[in-house]
Amino acid sequence: MAAIFRHILQTPPPPSSSFPRPASSSPSSTLLSRPSCIRVESSPMDLNNQASKIKFTDFPYVSAPHRNLMVDLVSTLETRLGSQLLPCTLPPDVQYYQNETGTNHASLHIRSGLASSPVDFILGSWLHCELPTGGALNITSLSSYLNQTTDAPNFLLELIQSSPTSLVLILDLPPRKDLVLHPDYLQTFYQDTQLDTPRQRLDKLAEAKPYFSSSLYIRSVVSPTAILVRIEAEAGGQGQSLEEIIENHVGPIAKEVLGIWLDQCACGKREVEEDERAYLKKRDDLIKRKTIEIDLGSNFPRLFGPDAADRVLGAIKEVYRV
């Protein structure tokens, strides 16, 4: 789930901010139109009906290149790991949920790994929030966690858009061991894989600037090769549009990093001795608890109300086992 709600939600978008309508809108009206909110009652039956119409892979509030990228990444991940994953069993009112006024909408997708798999679970989500200052915030995310049978890094991707021309990209393989104490781990997963090369390519893009999370904790858990950039495209200018940047630059890099993670981490057959697994579990559990404590626990009730927040956080805590 989004790791920087607090910072983004406190940053007002430009006055001209607008976002695509849900995917059911005509293609010609999607790029520069304000989303029409889906107004439904908050009863369980109505939410179930709504969830049957809106799916996680619809990504209904983002542009076509953004949506296509997320669908490609989810498809690649689930196709490659499909035999190792259980079906998503989340109830409909957790797979899709909204606030009572119909201004905030979100979807959650979780698939746990089989007991024989090194994959703990994969988690995807999208979130659309209309901001009180005007405009909207759209966040799409995809992450995959490995269990304690391996110490290989996890996978994390988030795309955070608060205006039609501004995008924050977080893309990383967060380490699960201390890189100073374990230089061989740094060598194996970050140097030998040339994982810094995609970051260097994106740094050369004129529209990309470094992004710094307001949370020092978030900054401390990412890898040295983490891609954290803010992309500012020109509105109607001679430069590339944000959609073109996503399609031509962000997309290929995200797919490359996911490919490295699948080859070297998820399918790398790196095993951990029994005596190391307790340390891994302690570290993994601490990061999961911090994610809920610092970010989700404080923001979800405010965005979606206590009932929806309890349902969604309960599902996340269950898969996190914390």
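Below is a friendly set of questions and answers about this predicted model.

Reader: What should I know about numbering and cut-offs before I begin?
Author: Residues are numbered from 1 along each chain as its sequence is written, and side-chain values use heavy atoms, with hydrogens and water left out. The model is predicted, so local features need pLDDT of at least 70 and side-chain atom pairs count only at pLDDT 80 or more, while totals for chains, interfaces and linings use all residues.

Reader: Which strand holds L142, and is L142 buried or exposed?
Author: Helices here are DSSP runs of H or I with at least four residues, and strands are runs of E with at least two, numbered from the N terminus. By that count L142 lies in strand β4, residues 136-146. Buried means under 20% relative accessible area, exposed over 50%, and partly exposed in between, using a 1.4 Å probe and protein chains only. L142 has a relative accessible area of 3%, so L142 is buried.

Reader: How far apart in space are L142 and M70?
Author: Contact means heavy atoms within 4.5 Å. Leaving aside neighbours within four places in sequence, the contacts of L142 include M70, L73, F155 and L157. L142 and M70 are 72 residues apart in sequence, yet their C-alpha to C-alpha distance in space is 8.1 Å.

Reader: How many residues are in the second, separate core?
Author: In soluble globular proteins, nonpolar side chains tend to be buried together. In this model a second, separate core includes L127, L137, A309 and I316, and its residues number 34.

Reader: Which residues does L171 touch?
Author: L171 is one of the residues that touch the most other members of the largest core. Not counting residues up to four places away in sequence, L171 touches F155, L156, L157, A226, I227, I253, A254 and V257.

Reader: Where does α9 bend, and by about what angle?
Author: Helix α9 (residues 274-320) has 47 residues, but its end C-alpha atoms are only 21 Å apart, short of the 69 Å that a straight helix would reach at 1.5 Å a residue. That expected span is 1.5 Å times one less than the number of residues. A bend at a residue is the angle between axes fitted to the seven residues ending there and the seven starting there. A proline, P306, follows within four residues of the bend, which lies at G305 and is about 125°.

Reader: Where is the kink in α8?
Author: Helix α8 spans only 31 Å between its end C-alpha atoms, whereas a straight helix of 25 residues would span 36 Å at 1.5 Å a residue. The kink is about 40° and comes shortly before the proline P252, at V250.

Reader: What kind of aromatic pair do Y97 and F300 form?
Author: Rings of Phe, Tyr and Trp (its six-membered ring) pair if their centres lie within 6.5 Å; planes under 30 degrees apart count as stacked, over 60 as edge-to-face and the rest as tilted. The structure holds 11 aromatic pairs. For Y97 and F300 the centres are 6.2 Å apart with 40° between the planes, and the pair is tilted.

Reader: How many residues apart are Y97 and F300?
Author: Y97 is buried because its relative accessible area is 0%, and F300 is also buried, at 0%. The pair links distant parts of the chain, Y97 in strand β1 (residues 96-98) and F300 in helix α9, with a separation of 203 residues.

Reader: Which residues form salt bridges with R199?
Author: A salt bridge is a side-chain nitrogen of Lys or Arg within 4 Å of a carboxyl oxygen of Asp or Glu. D196 and R199 lie three residues apart in helix α6 (residues 196-203), about one turn of the helix, while R199 and D203 are four residues apart in α6. An α-helix has 3.6 residues a turn, so residues three or four places apart point the same way. At 2.5 Å, N to O, in each case, the partners of R199 are D196 and D203.

Reader: Which residue forms a salt bridge with E256?
Author: E256 lies in helix α8 and its partner in helix α6, 55 residues apart. At 30% relative accessibility E256 counts as partly exposed. The closest N and O atoms are 2.6 Å apart, and the partner is R201.

Note on methods. Core = buried A, V, L, I, M, F, W, Y, C linked by side-chain atoms within 4.5 Å.
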